[in-house]
Amino acid sequence: CSAPILKQLGAKVHAEIDFNNCQWHSEYCKERLKVLEFDEWRGFSLDPCPSLIRRRFYDAYKHDPEFWRVDLFVCSHPVANCELFMPFNRSILVYATTRLEFG
């Protein structure tokens, strides 16, 4: 998780995790993820229809007050899913955690 690095740079971090990484980062576990579903083999995928998933994701969060407080989205894994945040018109820091990507 990149939160400690961002905090050292002076950022105020609001992070949420909603899958099995919670065992290592329990302070970020919220279990309120909408639209996406975690698959143990694929992770968070935009399958079977990426354009529909992108629209549903935006619709699910477009009125979420926490989303609108965000100045910068940090998107890490899979980086292919960073496109989900584009409609919110905020900066996106892409933090590639692997050299072979999913999504």
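Ring pairs join F57, Y58, Y61, F67, W68, F73, F85 and F88 into a cluster. The model is predicted. It holds 12 aromatic pairs and 1 disulfide. The largest nonpolar core has 13 residues.

**Aromatic pairs**

- A pair of aromatic rings is described by the distance of the centres and the angle of the planes.
- F57 and F67 form an edge-to-face pair, with 6.2 Å centre to centre and 65° between the planes.
- This pair links distant parts of the chain. F57 sits in helix α2 and F67 in helix α3, 10 residues apart.
- F57 is buried, because its relative accessibility is 4% and the cut-off for buried is under 20%.
- F67 also counts as buried, at 12% relative accessibility.
- The rings of F67 and F73 have their centres 5.5 Å apart and their planes at 50°.
- F73 counts as buried, with a relative accessibility of 7%.

**Nonpolar core**

- In soluble globular proteins, nonpolar side chains tend to be buried together.
- Within the largest core, the residues with the most contacts are L36, F57, F67, F73, L84, F85 and F88.
- Helix α2 (50-61) and strand β3 (72-75) each supply at least two residues of this core.
- The largest share, 3 residues, comes from α2.
- F57, F67, F73, F85 and F88 are also members of the ring cluster.

**Contacts of F88**

- Leaving aside neighbours within four places in sequence, F88 is in contact with F57, Y58, Y61, K62, F67, W68 and F73.
- Among these partners, F57, F67 and F73 are listed with F88 as residues with the most contacts inside the core.

**Cysteines**

- A disulfide is a covalent bond between the sulfur atoms of two cysteines.
- C75 and C82 form a disulfide, with their sulfur atoms 2.1 Å apart.
- The torsion about the S-S bond of C75 and C82 is about -105°, so this disulfide is left-handed.
- C75 is buried, at a relative accessible area of 6%.
- C82 counts as buried, at 6% relative accessibility.
- C49 counts as partly exposed, with 32% relative accessibility. The value falls between the cut-offs of 20% for buried and 50% for exposed.

**D64 in its loop**

- D64 is placed in the loop between α2 and α3 (65-68).
- D64 is buried, with a relative accessible area of 7%.
- A polar atom of the D64 side chain lies 2.8 Å from the backbone nitrogen of E66.
- Not counting residues up to four places away in sequence, D64 touches R32 and K34.

- N89 lies in the loop between β3 and β4 (91-94).
- N89 counts as exposed, because its relative accessibility is 68% and the cut-off for exposed is over 50%.
- N89 and W68 are 21 residues apart in sequence. Their C-alpha atoms are 10.0 Å apart in space.
- W68 is one of the residues in contact with F88.

Note on methods: Residues numbered from 1 in each chain as written. Predicted model: local features only at pLDDT ≥ 70, side-chain atom pairs only at ≥ 80, totals over all residues. Heavy atoms only, no water. Disulfide = S-S within 2.5 Å. Buried < 20%, exposed > 50% of the residue type's maximum accessible area, 1.4 Å probe, protein only. Core = buried A, V, L, I, M, F, W, Y, C linked by side-chain atoms within 4.5 Å. Helix = DSSP H or I, 4+ residues; strand = E, 2+ residues; numbered from the N terminus. Contact = heavy atoms within 4.5 Å. Polar contact = N/O pair within 3.5 Å; in protein donor to acceptor, adjacent residues only side chain to side chain. Phe/Tyr/Trp six-rings, centres within 6.5 Å; stacked < 30°, edge-to-face > 60°.
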